[in-house]
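Hello,

Here is the structure I promised to pass on to you. Please have a look at it first, and then read on for what I found.

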Amino acid sequence: MQREGSPWHGVGIVFLKELSDHLTSMRMRVLEWLVVITGIAAVYSAIQQIREVTAEDPFLFLRLFTRAGGQLPLSFVSLLSFLVPLVAIGLGFDLVNSEHNQRTLSRILAQPIYRDALLFGKFLAGLATIAIGLLALWLFVIGLGLLLLGVPPSGEELARALVILAVTIVYAGVWLALAILFSIIFRSAATAALVSLGLWLFLTILWPPLSQFLAAAVAAGPVTSAGELLGQLDTLQAFARLSPGELYGEVVAVVLDPSVRSTQQTLLASMGLALVERGSIPGALPLLQSVLVVWAQIVSLVAATILLFVVGYVVFQRQEVRA
Amino acid sequence: MSEPLIEVRHLSKQYGETTVVDDASFTVNGGEIFGLLGPNGAGKTTTILMLLGLTEISSGQARMLGHDPEREPLAVKRRVGYLPDSVGFYDHLTGLDNLRYTARLMGMSESEREARIATALRRVDLYAVADKRVGTFSRGMRQRLGLAEILMKDAAIAILDEPTSGLDPQATLELLDIIRGLKRDGVSVLLSSHLLDRVQSVCDRVALFQKGRIVLIGTVGELGRQILGGGYAVEVEAQGPGLAERLKQVPGVTMVEQTGADRVRLLADRDVRPEAAAAVVSAGGRLLRLSVEEPSLEMIYTRYFQDQGERHAA
């Protein structure tokens with residue numbers, strides 16, 4: 001049974017309306033200032049650190065994003081991985097249920113558009129809002145680096161930073177899709193917000209130790225060979241990667257540091273081990289190779305966004321319009 | 001008369017085991033105001049949502065302007081305006097911006113939009129406050145803004161769900177006036193209400209819902225004759241001998257009842273005031289007062305369910 005007309009009709013109109021709502025809302029302003037202030041603090045303390053070290057570092061500029069220390073124990077990217085979900089949830093938790101609660105949904109759906117357009121428009125507007133904010137922040141950080149470090153970034157550094165910007169937007173998409181899903185399922189905006197935030201806290205704070213515990217339970221035993229050790233690491237990562245924060249962290253670690261050749265490298269390093277692949281040349285990886293190392297993680301983030309959106313879409317299509 | 005604009009045949013809606021709308025059939029013709037009446041929860045809103053393609057039809061058929069609302073929802077929604085039960089607007093936007101948004105969704109061109117919005121707002125008397133945020137609007141103003149949206153849409157059919165509920169008498173009168181205006185423009189109106197007396201004054205025909213079924217359908221006069229026997233009650237206050245006997249012979253009168261010293265109440269199947277006056281005068285009586293009570297839906301409704309109750313008891 002073919003539906004008449006295009007599901008895309010009206011997406012642009014919904015998109016523009018929602019975007020203007022987001023950009024003028026008090027909530028968005030608060031969230032943006034939160035991110036900007038903490039972001040600048042992180043970058044500033046990173047710059048202080050970098051200045052003190054002033055080592056011969058070919059990727060000095062990327063340290064802006066990754067260096068932690070000083071008064072602030074978090075780097076700029078780890079701050080982002082923590083705060084971006086908060087912003088996405090803040091934008092998304094009442095996107096659909098507010099239409100129910102304001103009793104606007106049936107009036108809007110009585111216009112010649114499909115429900116698809118409303119949901120697509122809302123999701124894209126949320127993502128665009130976050131993308132605009134992140135782009136501004138990204139430019140600001142680079143500008144700050146130029147001013148305070150006095151070293152221009154190389155082309156590759158800029159390219160790597162751009163990849164991270166794109167991945168951060170996708171990472172925000174996961175949380176936005178999740179928040180929208182809850183805003184469809186729960187009629188009460190407060191419930192949707194609490195459930196989204198609860199899940200966010202669980203995945204960022206509780207899941208990392210819990211995943212270690214689970215991995216240890218599944219693949220326990222003494223390690224006698226390197227193969228066994230790597231096998232245990234695989235199990236650990238498999239559990240940890242259920243959290244989008246872990247996936248994002250792995251992408252960041254590899255793309256922003258050309259010397260990292262595997263996502264397990266940092267784990268091994270924390271055990272005092274180094275990963276040496278036979279036949280490989282020590283030194284920096286080219287950008288494309290870095291991206292290839294974490295390609296699966298990037299694709300997983302995109303897939304998670306699509307999956308969560310599709311679940312929300314199906315629930316929304318089946319939902320009754322009346323309050 | 002041309003094709004009916006709304007044609008509903010054996011329409012039913014089930015949610016799991018419960019049947020919300022049960023085998024409803026009715027038609028609405030061009031330029032007609034049709035009322036879906038009945039208590040809350042009788043299935044009126046569900047019927048409306050099915051007509052708009054906003055909820056699935058379990059069985060039966062609906063045709064809106066010749067279109068199937070399930071298969072061609074956009075074609076239906078382009079020509080049909082809908083005012084939901086206690087309509088909502090985006091409170092943080094102005095009335096004007098709210099209408100602009102829906103005008104864009106309707107696919108109206110830029111040049112057309114502003115002129116149509118202005119005309120519609122003037123007609124519902126909201127032009128002066130169009131720049132205020134809807135959050136400051138009263139309930140009556142919101143309902144009128146909803147009607148402005150339908151006017152702006154230039155719809156062929158206007159579907160109004162409980163348009164007068166929760167309004168004060170003044171706001172109700174204003175709203176009913178706008179609804180009559182829609183009819184003058186040739187728009188067919190389908191409205192639902194649980195307030196029988198208010199709606200009676202605007203509806204050409206009504207369908208009474210009870211527990212998902214349409215139990216009565218027709219003009220108020222027809223229903224009056226059908227259910228009450230004679231629909232009209234004429235009060236005559238006159239002085240003179242043998243008037244009651246005289247009035248009994250007036251054609252159309254079914255019953256004469258002496259209600260006071262000089263007062264007589266006539267039950268008739270039509271408005272017999274002129275004949276009654278002539279009868280009194282020709283009998284040499286002095287006519288003091290003459291008034292008519294039209295059959296009210298309230299009476300019809302109450303009587304119908306009384307009869308139903310008695311039948312069940314029997």
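How many helices and strands does chain B have? Chain B has 11 helices and 13 strands, where helices (H or I, at least four residues) and strands (E, at least two) are DSSP runs numbered from the N terminus.

A word on conventions before the details. This is a predicted model, in which local features need pLDDT of at least 70 and side-chain atom pairs count only at pLDDT 80 or more, while totals for chains, interfaces and linings use all residues. Residues are numbered from 1 along each chain as its sequence is written, and chains are lettered from A and ligands numbered from 1 in the order in which they are written.

Chain B overall

The C-alpha atoms of chain B fill a box of roughly 75 × 50 × 35 Å along the principal axes. Of its 314 residues, 41% count as buried; buried stands for 20 or more other C-beta atoms within 10 Å of a residue's own, exposed for 12 or fewer, and partly exposed for anything in between, with C-beta atoms placed from the backbone. Among the contacts in chain B between residues at least 6 apart in sequence, 69% join residues at least 24 apart. For a contact, the C-beta atoms of two residues, placed from the backbone, lie within 7 Å.

The domain assignment of chain B gives domain 1 (6-218) and domain 2 (232-293), with bounds that come from an automatic or database assignment. Their C-alpha centres lie 43 Å apart.

The three-stranded sheet

In chain B, an open sheet of 3 strands has the order S2-S1-S4, with antiparallel pairing; strands pair if DSSP finds at least two bridges between them. At the edges are S2 (18-28) and S4 (59-64) of chain B, each pairing on one side only. Direction ignored, neighbouring strands of this sheet are turned by 20° against each other on average. Helix H1 (residues 44-51) of chain B packs on the sheet and touches S1, S2 and S4 of chain B, and its direction makes about 115° with that of S1(B). Such axes are lines fitted to C-alpha atoms, for helices over the stretch in contact, and angles run from 0 to 180 degrees between N-to-C directions.

S1(B) and S2(B) pair in the antiparallel sense over 7 bridges, and B:Gln14 stands opposite B:Thr19 in S2(B). These two strands form a hairpin with 2 residues between them, and B:Gly16 in the turn has a positive phi of about 60°. On the S4 side, 5 bridges join S1 (residues 6-15) of chain B to S4(B). There, B:Arg9 has B:Gln61 as its bridge partner, and B:Ser12 stands opposite B:Ser59.

A covered strand

What about S7 (residues 188-193) of chain B: how many of its residues are buried? The count is 6 of its 6. On one side B:Ser188, B:Leu190 and B:Ser192 are buried, and on the other B:Val189, B:Leu191 and B:Ser193. S3 (residues 33-37) of chain B runs parallel to S7(B) and is joined to it by 5 bridges, with B:Ile33 partnered by B:Val189. S6 (residues 157-161) of chain B is also parallel to S7(B), again with 5 bridges, and B:Ile157 stands opposite B:Ser188.

Cores

A nonpolar core here is a set of buried Ala, Val, Leu, Ile, Met, Phe, Trp, Tyr and Cys residues joined through C-beta atoms within 7 Å. The largest has 150 residues, and those touching the most other members include A:Leu176, B:Ile157 and B:Val189. Helix H8 (residues 155-185) of chain A gives the most to this core, with 16 residues. Leaving aside neighbours within four places in sequence, A:Leu176 is in contact with residues including A:Ala88, A:Phe123 and A:Ile130. Apart from this core lies another, of 15 residues, among them B:Leu247 and B:Val280.

Where the chains meet

20 residues of chain A are in contact with 25 residues of chain B. On the chain A side, H1 (11-24) and H6 (105-109) each supply at least two residues, and H6(A) gives the most, with 4 residues.

Happy reading!
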